[in-house]
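Here is a set of questions and answers on how the terms for one structure are applied. Each answer puts a value beside its definition.

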Amino acid sequence: MPNPTAAMLVIGDEILSGRTRDANMYYLAGELTAIGIDLKEVRVVSDDADAIVAAVRALSDGYDSVFTSGGIGPTHDDITADCVAAAFGDGIGVRADARALLQAHYDSTGKELNTARLRMARIPDSATLIDNPVSIAPGFKLQNVHVMAGVPSVFKAMVASVLPTLTGGAPLMSETYRIDRGEGDIAGPLAVLAETYSDLSIGSYPFQQDGKYGANIVLRGTDTARIHAALADLKAAFPA
């Protein structure tokens, strides 16, 4: 039985402009791999409502789970919550449960729950909250879409809250073998290996070091015995 699938939607002009380097995809991919959920696609969209709505709908229809990062803060360009609600035709407003969390947090810090901060309590009517132990403002889940913050520390905390609710499959394992020859020299035998072990993912990642060419061959799959068998054949074809 194939593993469940997932997609990620990264939202924000700052990512596309190069001002901010996204770290959340790397983290999410590792966490999902560990529990047997295959991350199949990652999209990056700007702070454009139509683009976000279209991407949410497409990814929700195409994968078992979707994870978004970014656009749920207190500023005018934080429009993710409204867009996700629109994608599913759901209502949205300041929710009492989210407001109570924020009120208690800001009361404890002596800060005002002003209009801007209250934007973080805008949650779709049908959504369930995602816990945020770092900065309290919650994420949420609507249908199969998990909406989370873009700040890496908060994103990681929200992922930790979500993972126990997901049904995974067989964890993906991998082995890497270095070959100090150019890809043009190894492509033929590598294609034969890929055909023989069609149940595995076999990737070739070239490098250049000290003026010489080589490639790291990465074998991935859920069956350890098959990975080890393929690795043995690879080593026989290209002895170290």
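Q: Which residue in β8 is the bridge partner of lysine 141?
A: The bridge partner of lysine 141 is histidine 146 in β8. The model is predicted, with local features needing pLDDT of at least 70 and side-chain atom pairs pLDDT 80 or more, while totals for chains, interfaces and linings use all residues. Residues are numbered from 1 along each chain as its sequence is written, and side-chain values use heavy atoms, with hydrogens and water left out.

Q: What makes β7 and β8 a pair of strands?
A: Two strands pair if DSSP finds at least two bridges between them. β7 and β8 are joined by 3 bridges and run antiparallel, so by that definition they pair. Strands here are DSSP runs of E with at least two residues, helices are runs of H or I with at least four, and both are numbered from the N terminus. In the hairpin of β7 and β8, 2 residues lie between the strands, and glutamine 143 takes a positive phi near 55°.

Q: How many bridges join β6 to β7?
A: There are 3 bridges between β6 and β7, which run antiparallel. Leucine 129 has phenylalanine 140 in β7 as its bridge partner.

Q: Which way do β3 and β8 run, parallel or antiparallel?
A: Strand β3 (residues 65-69) and strand β8 (residues 145-148) run parallel, joined by 4 bridges. Valine 66 stands opposite valine 145 in β8.

Q: What is the strand order of the sheet with 6 strands, and why are β2 and β6 at its edges?
A: The order is β2-β1-β3-β8-β7-β6, in an open sheet with mixed pairing. β2 (38-45) and β6 (128-130) each have a single partner strand, so one side of each is left without a neighbour in the sheet. Neighbouring strands of this sheet are turned by 20° against each other on average, direction ignored.

Q: Which helices lie across strands of this sheet?
A: Among them is α3, which lies across β1 (5-11), β2, β3 and β8 and runs at about 170° to β1. Helix α7 (residues 152-162) lies across β1, β3, β6, β7 (139-142) and β8, at about 150° to β8.

Q: Why is α3 called oblique to α4?
A: Helix α3 (residues 49-62) and helix α4 (residues 80-87) pack at an angle of about 50°, with their axes 9 Å apart. That angle makes α3 oblique to α4. Angles under 35 degrees count as roughly parallel, over 145 as roughly antiparallel, 65 to 115 as roughly perpendicular and the rest as oblique. Axes are lines fitted to C-alpha atoms, for helices over the stretch in contact, and angles run from 0 to 180 degrees between N-to-C directions.

Q: Which residues of α3 and α4 meet?
A: Ala49, Ile52, Val53, Val56 and Arg57 in α3 meet Cys83, Val84, Ala86 and Ala87 in α4. By class, this contact has 8 nonpolar, no polar and 1 charged residues. Ala, Val, Leu, Ile, Met, Phe, Trp, Tyr, Cys and Pro count as nonpolar, Asp, Glu, Lys and Arg as charged, and the others, Gly among them, as polar.

Q: Does threonine 80 count as buried or exposed, and why?
A: Threonine 80 has 1% relative accessibility and therefore counts as buried. Buried means under 20% relative accessible area, exposed over 50%, and partly exposed in between (1.4 Å probe, protein chains only). Threonine 80 is placed in helix α4. Not counting residues up to four places away in sequence, threonine 80 touches Ile11, Thr68, Gly70, Gly71, Ile72 and Val147, where contact means heavy atoms within 4.5 Å.

Q: What makes α8 and α9 roughly antiparallel?
A: Helix α8 (residues 183-196) and helix α9 (residues 224-237) pack at an angle of about 160°, with their axes 11 Å apart. α8 and α9 are therefore roughly antiparallel to each other. Leu190, Leu193 and Thr196 in α8 meet Arg226, Ala230, Asp233 and Leu234 in α9. By class, that contact has 4 nonpolar, 1 polar and 2 charged residues.

Q: Which strands are at the edges of the sheet with 3 strands?
A: This open sheet has the order β9-β11-β10 and antiparallel pairing. Its edge strands are β9 (173-179) and β10 (201-209), each pairing on one side only. β9 and strand β11 (residues 212-221) pair over 7 bridges, and glutamate 175 has leucine 219 in β11 as its bridge partner.
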